[in-house]
Amino acid sequence: MVNEQSKRKSGQLVVPGDRLGVIEEFTPGQGTYEEGGTIFSLTTGRALMDLLNKKVSVYPKAQVSAVPHVGSVVIGQVLEVQNKQATIRIFEVDGRSISGVFSGLLHISDVTQRYVESMYEVCKAGDIVRAKVISDKNRVLHLTTNDKDLGVVYGFCSRCGQSLAQKRFIMRCPECGNTERRKTASDYDKGEI
Ligand SMILES: [Zn+2]
């Protein structure tokens, strides 16, 4: 009976104070609280009863709908750079923060109109970039920075970690004097992200 009830509720909209289950059944997860052995929703959102791990969570409604799709402008942090592509962890979509993990791929051919020899001239791990989703084929988000408003918005010195200052086409570290290259957005180091 208890399981029947849980299944019925999973994925459904709940409001703060809604009863989700008891601690004998579930571990209280994100967006829930426990009182006297009963688990309640802390927020308005969708309940997720993870029957495998016996955990109940509530994902806020606003965050559920902020999912990147083709045409979305996203902000993310560069996780890894290889010669021909960079992996970016997305944390904002169309001006709204998202929960959950989304990563996108920026391929060297989508960086800019001119020829780029290596991704290491475009961004480095730890940089913050603004990009646009151009494809979600096979559930992989492909990104582009081919626009003056897109590219690195905050870049960090790969030698000492300070934020780099931009002077024309050169990125210079005010701390250690190191110079680097980036494909920057037009509001580099000025914009609010
Ligand atoms: Zn430096």
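Residues are numbered from 1 along each chain as its sequence is written. Because the model is predicted, local features need pLDDT of at least 70 and side-chain atom pairs count only at pLDDT 80 or more, while totals for chains, interfaces and linings use all residues; side-chain values use heavy atoms, with hydrogens and water left out.

Let's start at the zinc ion. Its protein donors are the SG atoms of C157, C160, C173 and C176, lying 2.3 Å from the ion. Donors here are N, O and S atoms within 2.8 Å of the metal (3.2 Å for Na, K and Ca), and since water is not among the atoms, sites may look incomplete. Along the sequence, the donor residues follow the spacing C-x2-C-x12-C-x2-C. Strands are DSSP runs (E, at least two residues), numbered from the N terminus. C157 counts as buried because its relative accessible area is 4%, and C173 is buried too, at 2%. The cut-offs are under 20% for buried, over 50% for exposed, and partly exposed in between (1.4 Å probe, protein chains only).

Three strands form an open, antiparallel sheet in the order β14-β15-β16. β14 and β16 stand at the edges with a single partner strand each, so one side of each has no neighbour in the sheet. Two strands pair if DSSP finds at least two bridges between them, and β15 and β16 pair over 2 bridges. E180, in β16, is the bridge partner of M171.

Next come the spaces in the model. The largest pocket holds about 340 Å³. It is lined by 16 residues, of which R114, F169, R182, K183 and T184 are the closest to its centre. By class, its lining has 6 nonpolar, 4 polar and 6 charged residues. The structure also holds 1 cavity of 30 Å³ or more, and L106, V122, C123, V129, T145, G151, V152 and K183 line the largest cavity. On a 1 Å grid over the protein atoms alone, a cavity is a set of points where a 1.4 Å probe fits but cannot get out, and a pocket is an open set with protein on both sides within 12 Å along at least five of seven lines; lining residues have an atom within 4 Å of a point. Grid points are joined across faces, edges and corners, and a volume is the space filled by probe spheres set on the points. Ala, Val, Leu, Ile, Met, Phe, Trp, Tyr, Cys and Pro count as nonpolar, Asp, Glu, Lys and Arg as charged, and the others, Gly among them, as polar.

Finally, visit the loop between β11 (128-135) and β12 (141-144), where N138 is placed. N138 has a positive phi of about 55° although it is not a glycine, and it is exposed, with a relative accessible area of 68%. R139 is found in the loop between β11 and β12 as well. Its phi is near 65°, a positive value in a residue other than glycine, and R139 counts as exposed at 82% relative accessibility.

Methods:
Helices (H or I, at least four residues) and strands (E, at least two) are DSSP runs, numbered from the N terminus.
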